[in-house]
Amino acid sequence: MTSYQETLTPDELIDEIIAETSSSNHIEVIENVISTLGQNNSAMFNHTPGGTYLWKFKYGSVEVFVQLTGSTDEDTITVWSAVLKLPAKDEPKLMRYLLELNCTSTFEARFGIIENHVVVISSRTLAELSPGETSRLITIVATIADDNDQALVDQFGGP
């Protein structure tokens, strides 16, 4: 808990305790999920001075990233994993296929493009985020990425 020279009102103190508890709970939940999914102690962690947390771990044949931008309700958790490097063969067919997958089989995640990579990604604010939802986001992205990366490379891998 932060210590202040001035006296906090009871409401301010409660808000501060909730914010600090929520932050540590999100971090603990993320680390617990990663420890159950990660392979061969592959997890890596970074915490920036700006308050952003970033984890990376190996799941099957993919690397999964989890980013927590802070601890307020407006901050976000984002989970992503690259599954295919672009450019790819027959990109119009690839884009149609990814849109079809987005509509039928990605749950709260989706396929997208980040810096010339097709990724599986999910993101949401921390407001009312439960431990079960955190676990589900990480698990869904990791599983969908691992289930689809090799098939996408085989069918659409670089020209």
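Start at a turn: in the hairpin of strand 1 and strand 2, with 5 residues between the strands, Gly51 takes a positive phi near 100°. Strands here are DSSP runs labelled E of at least two residues, helices are DSSP runs labelled H or I of at least four, and both are numbered from the N terminus. Two strands count as paired if DSSP finds at least two bridges between them.

Before going on, a word on what you're looking at: this is a predicted model, where local features need pLDDT of at least 70, side-chain atom pairs count only at pLDDT 80 or more, and totals for chains, interfaces and linings use all residues. Residues are numbered from 1 along each chain as its sequence is written, and side-chain values use heavy atoms, with hydrogens and water left out.

**Strands**

Strand 1 (residues 44–47) and strand 2 run antiparallel and are joined by 4 bridges. One example is Met44, whose bridge partner in strand 2 is Lys56. Strand 2 also runs antiparallel to strand 3, this time with 7 bridges. There, Trp55 has Val66 of strand 3 as its bridge partner. The hairpin of strand 2 and strand 3 has 2 residues between the strands, and Gly60 takes a positive phi near 60° in it.

Which residues of strand 2 sit on its covered face, and which on its uncovered one? Tyr53, Trp55, Phe57 and Tyr59 make up the covered face, while Leu54, Lys56 and Lys58 make up the uncovered one.

**The nonpolar core**

A nonpolar core is a set of buried Ala, Val, Leu, Ile, Met, Phe, Trp, Tyr and Cys residues joined through side-chain atoms within 4.5 Å. Buried means under 20% relative accessible area, exposed means over 50%, and partly exposed is in between (1.4 Å probe, protein chains only). The largest such core has 38 residues, and Val66, Ile77, Leu94 and Phe111 touch the most other members. At least two core residues come from each of helix 1 (10–37), strand 2 (53–59), strand 3 (62–68), strand 4 (76–85), helix 2 (91–104), strand 6 (117–125) and helix 3 (131–156). Helix 3 gives the largest share, 9 residues.

Take Leu94 and skip its neighbours within four places in sequence: Leu94 is in contact with Leu84, Leu86, Ala88, Val118, Leu152 and Phe156. Contact here means heavy atoms within 4.5 Å.

Now for Leu37, which lies in helix 1. Is Leu37 buried or exposed? Leu37 counts as buried because its relative accessible area is 16%. With neighbours within four places set aside again, Leu37 is in contact with Phe57, Lys58, Tyr59, Ile138 and Thr139. The C-alpha atoms of Leu37 and Thr143 are separated by 9.8 Å, although the two are 106 residues apart along the chain.

**Salt bridges**

Side chains of opposite charge can pair when their charged atoms come close. A salt bridge is counted when a side-chain nitrogen of Lys or Arg is within 4 Å of a carboxyl oxygen of Asp or Glu. The structure holds 4 of them, including those in this table.

| Salt bridge | N to O distance |
|---|---|
| Arg96 and Glu100 | 3.0 Å |
| Glu108 and Arg136 | 2.9 Å |
| Arg124 and Glu133 | 3.6 Å |

Arg96 and Glu100 both lie in helix 2, 4 residues apart, or about one turn of the helix. Arg96 is exposed at 59% relative accessibility, whereas Glu100 is partly exposed at 38%.

Glu108 and Arg136 meet in a salt bridge too. This pair links distant parts of the chain, with Glu108 in the loop between helix 2 and strand 5 (110–114) and Arg136 in helix 3, 28 residues apart. Glu108 is partly exposed at 41%, and Arg136 is partly exposed at 41%.

In the remaining row, Arg124 is partly exposed at 25% and Glu133 is partly exposed at 33%.

**Aromatic rings**

Rings of Phe, Tyr and Trp (its six-membered ring) pair if their centres lie within 6.5 Å; planes under 30 degrees apart count as stacked, over 60 as edge-to-face and the rest as tilted. That rule gives 5 aromatic pairs. Phe65 and Trp80 are stacked, because their ring centres are 5.3 Å apart and their planes are at 10°. Phe65 lies in strand 3 and Trp80 in strand 4, so this pair ties together parts 15 residues apart in sequence.

Tyr97 and Phe156 have ring centres 6.2 Å apart and planes at 35°, so that pair is tilted. It links distant parts of the chain: Tyr97 in helix 2 and Phe156 in helix 3, 59 residues apart. Tyr97 is partly exposed at 30%, but Phe156 is buried at 2%. Finally, ring pairs link Phe45, Tyr53 and Trp55 into a cluster.
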